[in-house]
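Let's take a friendly walk through this model together. Have the sequence and the 3D view at hand as you read.

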Amino acid sequence: MALPQLSEEQRAENLKKAAAARHARAELREKIKNGEVSLEEVLNSDDSAATRMPVRALIESLPGYGKAKAAKIMEELDISPKRRVQGLGARQRERLLEILSK
């Protein structure tokens, strides 16, 4: 399948949209880190910044969790390293909340 040919304006617009999405996810990670937004709020959110965030990045945003702990938790819960929040199943969400709320 060939990639669509985009005009310079379309390409520039898509780059702006992507940058805005990255900025929104970075702001959300910062709010999580500062305790302004809870894990449960993110998991139950319909916001595209929250739903499109990788689960790994979400866990790493929590105070006290880094790459190693995030990887261990994801392996424990059988969550793919590339899984996004919107792709989590109900049981995975429950277990994630259970483990990270301790």
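## About the model

This is a predicted model, in which local features need pLDDT of at least 70 and side-chain atom pairs count only at pLDDT 80 or more, while totals for chains, interfaces and linings use all residues. Residues are numbered from 1 along each chain as its sequence is written, and side-chain values use heavy atoms, with hydrogens and water left out.

Helices are DSSP runs (H or I, at least four residues), numbered from the N terminus. Beyond its neighbours within four places in sequence, Ile-59 is in contact (heavy atoms within 4.5 Å) with Tyr-65, Ala-70, Ile-73, Met-74, Leu-96 and Leu-100.

In H6, the buried residues are Leu-96, Ile-99 and Leu-100. Viewed down the helix axis, they fall within an arc of 85°, so they line one face of H6; the arc is that of the directions from the helix axis to the C-beta atoms. Their cover includes H2, H4 and H5. On the other side of H6, Ala-90, Arg-91, Glu-94 and Glu-98 are exposed.

Arg-25 is found in H1 and is buried, with a relative accessible area of 19%. Leaving aside neighbours within four places in sequence, Arg-25 is in contact with Ala-49, Arg-52 and Met-53.

Arg-25 is also one of the residues that line the largest pocket, together with others including Lys-17, Asp-47 and Ser-48. The volume of this pocket is about 150 Å³. On a 1 Å grid over the protein atoms alone, a pocket is an open set of points where a 1.4 Å probe fits, with protein on both sides within 12 Å along at least five of seven lines; lining residues have an atom within 4 Å of a point. H1 gives the most to the lining, with six residues.

Note on methods
Buried < 20%, exposed > 50% of the residue type's maximum accessible area, 1.4 Å probe, protein only. Helix = DSSP H or I, 4+ residues; strand = E, 2+ residues; numbered from the N terminus. Points joined across faces, edges and corners; volume = space filled by probe spheres on them.
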